[in-house]
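The stops below are given in the order in which to select them.

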Amino acid sequence: MLESKTAIVRVIGFANPLGQFQYSMHWGVDHINNYKTAISGYEDVHHVELHAARQAIKMAKKQKYSRLIIRTGSRFVWDLIKNSANFANAPPEVLHLVQAIHDNRKHILIKVELVDGHPENKTVGGEMNKENI
């Protein structure tokens, strides 16, 4: 019987002070898979974060993990991963990402958790800025 390997990764999409989109994947303290890079071709940080999730899934699959827990602070990303079977309903600009995530569910068990702290979920005047959730 194959040993079950589980990974937990925190994905974050953000824009740097110059407005360039970046994402990071944090797998744990000093983990070899920790990664941060700039990216272009996406419309907002949530799309970038969804791309980061897809990249994490590809890495976990390649490294023979049987289960991946993705932690995201974006409700948009959380919802699309959680409901990836309905990828046809995803926004056209990220449809390919959601479909790829869904297709990988055949090879790896994917769970998504919504956590606090997405850079776009800023508090303005004591209230959550709901436009960016």
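Begin by selecting Lys5 and Tyr65: the charged end of Lys5 sits over the ring of Tyr65, 4.7 Å from its centre. A charge sits over a ring here if NZ of Lys or CZ of Arg is within 6 Å of the ring centre and within 35 degrees of the ring normal. Now select Arg75 and Trp78, where the charged end of Arg75 sits over the Trp78 ring, 5.8 Å from its centre.

Before going further, note that this is a predicted model, in which local features need pLDDT of at least 70 and side-chain atom pairs count only at pLDDT 80 or more, while totals for chains, interfaces and linings use all residues. Residues are numbered from 1 along each chain as its sequence is written, and side-chain values use heavy atoms, with hydrogens and water left out.

**Overview**

Switch to a cartoon view. The protein has three helices and seven strands, running β-β-β-α-β-α-α-β-β-β from the N terminus on. Helices (H or I, at least four residues) and strands (E, at least two) are DSSP runs, numbered from the N terminus. Of the 133 residues in the protein, 40% are buried. Buried means under 20% relative accessible area, exposed over 50%, and partly exposed in between (1.4 Å probe, protein chains only). Among contacts between residues at least 6 apart in sequence, 62% join residues at least 24 apart; contact means heavy atoms within 4.5 Å.

**Aromatic pairs**

How many aromatic pairs does a search of the whole structure find? There are two. Rings of Phe, Tyr and Trp (its six-membered ring) pair if their centres lie within 6.5 Å; planes under 30 degrees apart count as stacked, over 60 as edge-to-face and the rest as tilted.

Select Tyr23 and Tyr35. Their ring centres are 6.2 Å apart and their planes are at 50 degrees, so the pair is tilted. This pair links distant parts of the chain, with Tyr23 in strand β2 (residues 21-26) and Tyr35 in strand β3 (residues 35-38), 12 residues apart. Tyr23 is buried, at a relative accessible area of 4%, whereas Tyr35 is partly exposed at 41%.

Next, select Trp27 and return to Tyr65. The ring centres of Trp27 and Tyr65 are 6.3 Å apart with planes at 35 degrees, so this pair is tilted. Trp27 lies in the loop between β2 and β3 and Tyr65 in the loop between α1 (45-62) and β4 (67-72), so the pair ties together parts that are 38 residues apart in sequence. Trp27 is buried, with a relative accessible area of 9%, and Tyr65 is buried at 15%.

**The loop between α1 and β4**

Stay in this loop and select Lys64, which is found between α1 and β4. Phi of Lys64 is near 65 degrees, a positive value in a residue other than glycine. Most residues other than glycine have a negative phi. Lys64 counts as exposed, at 66% relative accessibility.

Select Ser66, in the loop between α1 and β4. Ser66 is partly exposed, with a relative accessible area of 30%. Not counting residues up to four places away in sequence, Ser66 touches Ser4, Lys5, Ile108 and Leu109. Draw a distance from Ser66 to Ile108: their C-alpha atoms are separated by 5.1 Å, although the two residues are 42 residues apart along the chain.

**The loop between β2 and β3**

Select Asp30, in the loop between β2 and β3. Asp30 has a positive phi of about 55 degrees although it is not a glycine. At 75% relative accessibility, Asp30 counts as exposed.

**Two helices**

Select α1 and helix α2 (residues 75-82). Their axes come within 9 Å and cross at roughly 45 degrees. Axes are lines fitted to C-alpha atoms, for helices over the stretch in contact, and angles run from 0 to 180 degrees between N-to-C directions. α1 and α2 are therefore oblique to each other; angles under 35 degrees count as roughly parallel, over 145 as roughly antiparallel, 65 to 115 as roughly perpendicular and the rest as oblique. Show side chains to see His46, His47, Glu49, Leu50 and Ala53 in α1 meet Phe76, Val77, Leu80 and Ile81 in α2.

**Last stop**

Select Ala85, in the loop between α2 and α3 (95-104). Ala85 is exposed, with a relative accessible area of 54%.
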